[in-house]
Amino acid sequence: MKKFFRSIHLYLSLAAGIFIFCSCLTGTIMVFEEEIEHALHHNRYYVQPEATRLPLSQLVFNTIKEVPKAKLANVKVYTEADRTVEIGLIVPEKKGGKDGKERGQRAGERRNDGQQTGKQARLKGKKPEEGGRPNLTVFVNPYNGEVIDQFNRRKSFFFSVEMFHRFLLAGKNSIGNKIVSFSTLFFLFILITGVILWWPKNKKIMKQRLQYKWTGGWKRLTHDLHIVTGFYTSVFLLVIVSCGLIMTFPWANKLLFTLTGSTFSQEQPKQPASVYQAGLKPLTIDQIAASNTREIENTASYTIRAPRDSSGTFALNVLPKGAVETASDTYFIDQYSGKTISVQKFADKSAGQRARAFVKPIHTGSVYGLPTKIISFIVCLLSLIFPVTGVMMWLNRIKKRPVKKAPASML
């Protein structure tokens, strides 16, 4: 049986090794994206705290003044006194341009707990509706209203790394996307067969396979770097790769819901609508924040999404302190009366939805902050060893194979 598993391990590695290497490399680079951005652009994210903060509507006004053709998408406020306020804007883009294509692709990626709806799939390639995701983030000093910086992540280095990590820069549903997807699936089988091949027959062999022999020559060191390192990182890599599969393949996503005993649905919950009343003007961002002080106090941050149209609602996303980035509570608020129409509490979601919310943070290593990021970084960095040492071991094995001599009758 081990010969069979060794063949699977070898040929899948040869087929997908270079793509697995690229995925691990780009994943390693992205682990500390937030920390690197904050270190390189400290003034963009942090300010000197003062006694009084300006109204959010004033900050929005100053922002729109800087980008006059933009439409407000959302306002994100951190409860930390030294953080800037992040205002998301939707800026009109040129038709047929690169940014327009990217926006269309991203419109097709809008998900509810990571699920793409059937309606979204049918609308793929069509013009995205107004009020979608912001394509420009403006950082504003909440104390004096100064616009500090404008940032379009789609034009950043880390966005290019992410697109290479996910699609080999070819875009969603491209051949690059399929190559990365199936390479990730192959990686899962490579890891499983690797553990099977590593499994020792007795305790003596196990002891050898749990430690490096630094004085055994370069061939032995190559062997140990592949085998021993593979064992110590296998559990972490199996989790990371499994999360990647859930985000990639619909069948893996459905399997997660099945294992958690939850009902899987591709349809998003219908967002409630505001009740229009003649003569009433929509409420301001400040009024929405003021009427929901109980919900936003003692939180890590809160985001207020503006209504998309005259029948839309304000959406207040509240992230509790210590919670993962995808575990926020959402309040839908009538834009005319300020009444909370609907509430989507994270704790009230199904087990499958809650588990699905943890998939991306686990995959990126951000689930428990800096400690898990460090673990993820080390594991991804060590995983770069496997394609290199694996090829070296394979080439060395080929050289050792004896050349078969032809029968004497044929000479």
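1. Aromatic pairs. This is a predicted model, and a search of the whole structure turns up 13 aromatic pairs.

2. Aromatic cluster. Trp-198, Trp-199, Phe-231 and Tyr-232 are joined into a cluster by ring pairs.

3. A charge over two rings. Arg-83 lies over the face of Tyr-46, 5.2 Å from the ring centre. Arg-83 also lies over the face of Tyr-78, and here the distance to the ring centre is 3.8 Å.

4. The salt bridge between Glu-35 and Lys-373. The structure holds 9 salt bridges. In one of them the side chains of Glu-35 and Lys-373 meet, with 3.0 Å from N to O. Glu-35 belongs to helix 2 (residues 33–40) and Lys-373 to helix 15 (residues 370–383), so this contact ties together parts that are 338 residues apart in sequence. Lys-373 counts as buried at 7% relative accessibility, and Glu-35 counts as partly exposed at 32%.

5. The salt bridges of Glu-162. Which residues does Glu-162 pair with in salt bridges? One partner is Arg-153, where the closest N and O atoms are 2.8 Å apart. Another is Arg-166, where the closest N and O atoms are 3.2 Å apart. Glu-162 and Arg-166 are separated by about one helical turn, because they are 4 residues apart in helix 7. An α-helix has 3.6 residues a turn, so residues three or four places apart point the same way. On the matter of cover, Arg-166 is partly exposed, with a relative accessible area of 28%. Salt bridges with shared partners join Glu-33, Arg-153, Glu-162 and Arg-166 into one network. Arg-153 is partly exposed as well, with a relative accessible area of 26%. Glu-162, at 16% relative accessibility, counts as buried, since the cut-off for buried is under 20%.

6. Helix 7 covers residues 157–167, and its buried residues include Phe-158, Phe-159, Val-161, Met-163, His-165 and Phe-167, along with Glu-162. Just after helix 7, Leu-168 takes a positive phi of about 55°, although Leu-168 is not a glycine. Leu-168 is found in the loop between helix 7 and helix 8 (175–198), and counts as partly exposed at 22% relative accessibility. Asn-173 is in the loop between helix 7 and helix 8 too. Asn-173 has a positive phi of about 60°, again without being a glycine, and is partly exposed, with a relative accessible area of 40%.

7. According to the unreviewed UniProt entry, the annotation "transmembrane region" covers residues 12–32, 179–199, 229–252 and 374–395. How much of residues 229–252 is helix in the model? The span is 96% helix and 0% strand, and its end C-alpha atoms are 27 Å apart. Residues 374–395 are 95% helix and 0% strand, with end C-alpha atoms 33 Å apart. The annotation may be inferred rather than shown by experiment.

8. Nonpolar surface patch. Val-235, Phe-236, Val-239, Ile-362 and Ile-375 make a nonpolar surface patch of about 400 Å². Helix 10 (residues 217–248) gives the most to the patch, with 3 residues. Val-235 lies in helix 10 and is exposed, with a relative accessible area of 55%.

Terms used
Residues are numbered from 1 along each chain as its sequence is written. This is a predicted model: local features need pLDDT of at least 70, side-chain atom pairs count only at pLDDT 80 or more; totals for chains, interfaces and linings use all residues. Side-chain values use heavy atoms; hydrogens and water are left out. Patches are made of residues with over 30% relative accessible area and no salt bridge: like charges are joined within 9 Å, nonpolar side chains (Val, Leu, Ile, Met, Phe, Trp, Tyr) within 5 Å. Accessible areas come from the Shrake-Rupley method with a 1.4 Å probe; for residues, only the protein chains shown count as cover. A salt bridge is a side-chain nitrogen of Lys or Arg within 4 Å of a carboxyl oxygen of Asp or Glu. Helices (H or I, at least four residues) and strands (E, at least two) are DSSP runs, numbered from the N terminus. Buried means under 20% relative accessible area, exposed over 50%, partly exposed in between (1.4 Å probe, protein chains only). Rings of Phe, Tyr and Trp (its six-membered ring) pair if their centres lie within 6.5 Å; planes under 30 degrees apart count as stacked, over 60 as edge-to-face and the rest as tilted. A charge sits over a ring if NZ of Lys or CZ of Arg is within 6 Å of the ring centre and within 35 degrees of the ring normal.
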